[in-house]
Amino acid sequence: MMRQRDRREGRKGGAARRLLGGALLALGLALPGVALAAESAPVTSPRVTATLLSGRDTVAPGERFHVALVQKLAPHWHTYWLNPGDSGEPTQIHWTLPEGAKAGGIAWPAPRAIRVDPLVNFGFEGQVLLPVEITVPAEARPGETFSLKAEATWLVCEKICIPEDGSFTLDLPVGPAGVTDETAQQRIDAALAALPQPADFRGRLAADGDRLVLALPGLPAGASDLRFFPVSDTLIEHAADQPAKPGDGPGVFLTRSSAFKLDQPEISGVLTFSQGGEARALTLVADADPALVGKAAEAGAPASAPPAVRIPVPAEGADLSWLAALAFAFAGGLILNLMPCVLPVLFIKALGFAQTAHRSRAETREQGLLFLCGVLLSFLLLAGAVIALGSLGSSVGWGFQLQSPPLVIALAVVMVLIGLNLIGAFEIGGAVVGVGDGLASRGGRLGAFMTGVLAVVVATPCTAPFMGAAMGYAVTQPPAVALSVFMALALGFALPVVALSFAPGLLRLLPKPGRWMLVLKQAFAFPMFATAIWLIWVASVQTGPQGVLAALVAVLAAGFVVWLVGVTRGGLARRAFGTVLAALVALGAGWFTIENAVPGADTQARAGDVQAWSPERVAALQAEGKPVFVNFTAAWCITCLANERVALSRQEVKDAFARHGVTYLKADWTNRDSRIAQALAEQGRAGVPLYLFYPARKDGQAEILPQLLTPDTLIAAAERAAGRDANTAANMP
């Protein structure tokens, strides 16, 4: 009996505990909703999570309270201050409020100087709260709902810049008295307390030779690490150091902006410094020397700052996942084999397989794997160069090495030597270039490996579909991720040759080795000569006539060296003489090439219907209501030249551009140009071609066109860009 009663009581106790547990669970689930009642739904991207935070759960008629736009930024990304510095756009908030309600401006926190060589931006990293004061109308009645709606836009940047926006809504009940959300209010109070405090002194701005000096007579004793952030973007060079002024009284030296302009007798900004190991910030007003007021830049500089380089364009490839980038890279590498600069090399390798396949399946597979090793090593070195230069602040991309005229000429020389070797002018074997060595002997291991290397070298002027987005993704990622994308590209590029080496059935379809192979081998010399001619033309575009002279001298010297090595074979003394003389000729020709192949030709478009590109020109044309087409190209880019021939030069395209008032701008990247490199990086691209169509309205976002153009594609894009209601590319069908 006792045991039965205990069991009944145990069951009752268990039911009570389950009931209590359910109640606690329901309360636990409800509490987060209560905690988040004063915060809007988040707007998220891979870079930013943004919410609108309120210090009140309930508002009272006529009350003033603060809300804050909260931005949580991914590592290494930043948004911008009121004056964004050398580039960027400050965050903006547009309010929709009940009648009689008011919203103040953003109370800006103290910015940081964020270096993105060679520029410096003024902005925020990590998490930032942007407080705004809201006034409830006195006519609001208890029981009503006070609805706050905000449309915010911001530019978030790392190595690329991506415009983002968000819509935020807060519905707060109106009561007889305000009810504070303690947690939210503490966060907002902390942000307000950290705002720069008004300085209790005025500074003085004067000229000091070519510099400016900002005197700070009331600066607290012991202040160090001074940095002045002016509100005006036409006052100082943002990236320049600001050394402390020695001698009488504290202050800092500032570098005058090349677009210096001062219209008012005073300046304002934020002064940051350290005092006793604590970071401090003051809002500062300084009186300007009357001699500076109304004075613009020195002669030869623009009278006012050029339009800021702040044209928001979606960055293709920036939102790719890692797996998608790998797939794009693999597909791009596969398609790269069809490019005209690569096909001759692959045909030569196929001929080598045709000979070995009839003798040894193992040797054919070995040749294919060695080709793969050459491709992988070449892509590994190329990826290492891109990653290393990127870490030093240089914007580089696919084909960047062809921006060096000496390297272009060296590649032309290699093509000539390969051609001469193929037609039988000399036999050096795999030790020089290795191409075609498998046709002549069974010891072609080095030749197979070097064929893979050469295939990558001649492929770099080409950009295949899918490659642009994949390479744009790679150059914005950590080294390990970037390397994986390059390796996926390499595997796609090497796949056809490797697959052929493991498919003896396909190889046996070819005729047996014979005279036809010798004839075909010699015929392949002429695509090599054609490639050399094209490369010399590229050098002429980069450097002018001097580049052509340097290339021809280099070809002559290379031919002489090869001939000299051949005729001095024999005794030790003869070989030594030939080697020394060949080295002297090679060194002399190399010195002559480097001295004369200097980039200097102005490759930007200057006349006719095509104009030179600049961000300022794009902004000005859009402000005039004109659609703008921008062609990012290079003379060494085969894909670019093909698009010029098959699409851009077509009369129907020119007629469409004229009919819709399109201005055609060309950004020529044949020679190194940091502004073009930066613009490509901002679009998530690592190389050319890149085609942008800007709509005929101010600040309209550009549409990114495919890498392979057709006349119909261009005509349709021109019609969209010229439309009265032209929208961003994201909203276009």
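Me: Does Glu-616 count as buried or exposed, and at what relative accessibility?

Reply: Glad you started there! The general idea is a scale of relative accessible area: buried means under 20%, exposed means over 50%, and partly exposed is in between (1.4 Å probe, protein chains only). Glu-616 counts as buried, at 17% relative accessibility. Do keep in mind that this is a predicted model, where local features need pLDDT of at least 70, side-chain atom pairs count only at pLDDT 80 or more, and totals for chains, interfaces and linings use all residues. Residues are numbered from 1 along each chain as its sequence is written, and side-chain values use heavy atoms, with hydrogens and water left out.

Me: Which residue forms a salt bridge with Glu-616?

Reply: A salt bridge here is a side-chain nitrogen of Lys or Arg within 4 Å of a carboxyl oxygen of Asp or Glu. For Glu-616 the partner is Arg-675, with the closest N and O atoms 2.7 Å apart. Glu-616 sits in helix H15 (residues 615-623) and Arg-675 in helix H18 (residues 674-682), so this pair ties together parts 59 residues apart in sequence. Helices (H or I, at least four residues) and strands (E, at least two) are DSSP runs, numbered from the N terminus. Arg-675 is partly exposed, at 37%.

Me: How many salt bridges does the structure hold, and which residues are linked in a network?

Reply: There are 12 salt bridges, and Arg-202, Glu-266 and Asp-287 are linked in a network of them. Glu-266 belongs to strand E19 (residues 266-275), while Arg-202 is in the loop between strand E14 (197-198) and strand E15 (203-208), so the contact joins parts 64 residues apart in sequence. Glu-266 is partly exposed, at 40%, and Arg-202 is also partly exposed, at 40%.

Me: Now for sheets: in what order do the five strands of the open sheet lie?

Reply: Strands of a sheet pair through backbone hydrogen bonds, either parallel or antiparallel. Two strands count as paired if DSSP finds at least two bridges between them. Here the order is E1-E2-E4-E10-E7, with antiparallel pairing. Strand E1 (43-44) and strand E7 (102-106) are the edges, each pairing on one side only. Strand E4 (residues 64-73) and strand E10 (residues 127-135) share nine bridges; to find your way along them, look for Phe-65, whose bridge partner in E10 is Ile-134.
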